[in-house]
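Subject: Structure handover

Hi,

Please have a look at it first, and then read on for what turned up.

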Amino acid sequence: MDFALIMFSLLVLTGAVWLLDKYVLKSGREGGKEPWWVEYSKSFFPVILAVFFLRSFLVEPFKIPSGSMIPTLQVGDFILVNKFTYGIRLPIVSQKIVQINDPQRGDVMVFHYPENPAVDYIKRVVGVPGDTVEYRNKTLFINGKEQVRKLDGDYNYVESGLNFVHTERYTEDLDKHPHALLVNPEMPPLHFDAIADFPGRDQCIYNDEGFRCTVPSGQYFMLGDNRDNSRDSRYWGFVPDRQIVGKAFLVWMNFGELKRIGLSIR
């Protein structure tokens with residue numbers, strides 16, 4: 001079950017008990033001790049209310065489970081996500097009620113995975129509504145303009161299962177938003193057998209060199225920084241605005257690499 005729904009259910013339950021005691025049960029209790037379920041509900045209600053408010057409207061924590069965003073984010077990073085950067089949404093239903101900002105190219109964004117909205121994904125925004133995103137021979141083009149990248153040496157890491165991976169690290173200037181990315185020279189630009197039949201699939205053209213997609217209105221195109229080890233919009237399509245969770249901005253903990261604590265996410 002969704003954690004937000006669990007929190008909301010507990011909030012309603014403890015709040016209802018508190019109100020019931022305040023307006024019904026308390027008047028009929030003659031100096032006796034409160035039942036344990038009333039005492040516990042009244043104690044936990046303000047705590048649950050505070051956590052629910054903070055998590056729903058301000059900041060939500062997430063843990064990075066995979067290497068699709070290496071080197072920007074490492075497996076085991078605990079990150080914070082700003083929930084109001086892109087607008088204020090009602091919890092549970094994710095209905096936007098106040099518009100603030102739109103996602104920009106280069107933002108690292110958390111969203112509900114289009115193929116399974118119960119799962120949260122994190123990738124980098126590379127295409128906004130109306131953009132033409134092209135990935136040709138592992139070079140990114142936005143609206144026909146090459147996103148210049150510079151080689152920054154080798155980058156090696158170990159995947160789960162002790163699989164050693166050799167890649168090349170680049171700095172890419174994504175619409176004047178420089179960030180690091182990895183390219184594995186031994187991997188093809190695409191795995192054609194992994195491409196799904198997603199909504200808006202007719203807006204994309206695939207070939208042996210890569211792909212070209214036109215981003216529909218109200219949707220976004222996402223790529224992982226670990227370009228050859230990321231299941232992203234190349235394979236499952238676009239992210240609708242209604243499925244946006246928020247913008248990642250800080251690594252607040254990594255128990256395996258404490259020096260990452262406090263790193264800004266760029």
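The chain's secondary structure amounts to three helices and 17 strands, where helices (H or I, at least four residues) and strands (E, at least two) are DSSP runs numbered from the N terminus. Before the details, two notes on how to read them. This is a predicted model, so local features need pLDDT of at least 70 and side-chain atom pairs count only at pLDDT 80 or more, while totals for chains, interfaces and linings use all residues. Residues are numbered from 1 along each chain as its sequence is written, and side-chain values use heavy atoms, with hydrogens and water left out.

**Overall picture**

Taken along the principal axes, the C-alpha atoms fill a box of roughly 80 × 40 × 35 Å. The chain has 266 residues, and 44% of them count as buried; buried means under 20% relative accessible area, exposed over 50%, and partly exposed in between (1.4 Å probe, protein chains only). Of the contacts (heavy atoms within 4.5 Å) between residues at least 6 apart in sequence, 56% join residues at least 24 apart. Leu 5 sits in helix H1 and is partly exposed, because its relative accessibility is 32%.

**Salt bridges**

Side chains of opposite charge can pair when their charged atoms come close. I counted a salt bridge wherever a side-chain nitrogen of Lys or Arg lies within 4 Å of a carboxyl oxygen of Asp or Glu, and the count comes to 17.

One of these joins Asp 241 and Arg 89, with 3.3 Å between the closest N and O atoms. The two partners come from distant parts of the chain, 152 residues apart: Asp 241 is in the loop between strand E16 (239-240) and strand E17 (244-253), and Arg 89 is in strand E3 (residues 88-89). Arg 89 counts as buried because its relative accessible area is 10%.

Another pairs Arg 105 with Asp 175, where the closest N and O atoms are 2.8 Å apart. This one also links distant parts of the chain, 70 residues apart, and each partner is in a loop: Arg 105 between strand E4 (96-98) and strand E5 (108-112), Asp 175 between strand E11 (163-174) and strand E12 (177-183). Asp 175 is partly exposed, since its relative accessible area is 42%.

Asp 232 and Arg 234 form a salt bridge too, with the closest N and O atoms 2.8 Å apart, and both residues are buried. There is also a network of salt bridges that links Asp 21, Glu 34 and Lys 42.

**Pockets**

The pocket search used a 1 Å grid over the protein atoms alone; a pocket is an open set of points where a 1.4 Å probe fits, with protein on both sides within 12 Å along at least five of seven lines, and lining residues have an atom within 4 Å of a point. Grid points are joined across faces, edges and corners, and a volume is the space filled by probe spheres set on the points.

The largest pocket holds about 470 Å³ of space. Its lining has 22 residues, and those nearest its centre are Asp 2, Ala 4, Lys 83, Ser 94 and His 112. Helix H1 (3-25), helix H2 (36-58), strand E1 (59-63) and E17 each give two or more residues to this lining, with the largest share, three residues, coming from H1. By type, the lining divides into 13 nonpolar, three polar and six charged residues. Here Ala, Val, Leu, Ile, Met, Phe, Trp, Tyr, Cys and Pro count as nonpolar, Asp, Glu, Lys and Arg as charged, and the others, Gly among them, as polar.

The second largest pocket has a volume of about 270 Å³. It is lined by 17 residues, of which Pro 65, Ser 66, Asp 120, Tyr 121 and Ile 122 are the closest to its centre. E1 and strand E6 (120-127) are the elements that give two or more residues to this lining, and E6 gives the most, with four. The lining residues of this second pocket divide into eight nonpolar, five polar and four charged.

**Disulfide**

Searching the whole structure for disulfides (pairs of cysteine sulfur atoms within 2.5 Å) finds one. It joins Cys 204 to Cys 213, with an S to S distance of 2.0 Å. The torsion about the S-S bond is about 120°, so the disulfide is right-handed. Cys 204 is buried, with a relative accessible area of 6%, and Cys 213 is buried as well, at 0% relative accessibility.

Best wishes
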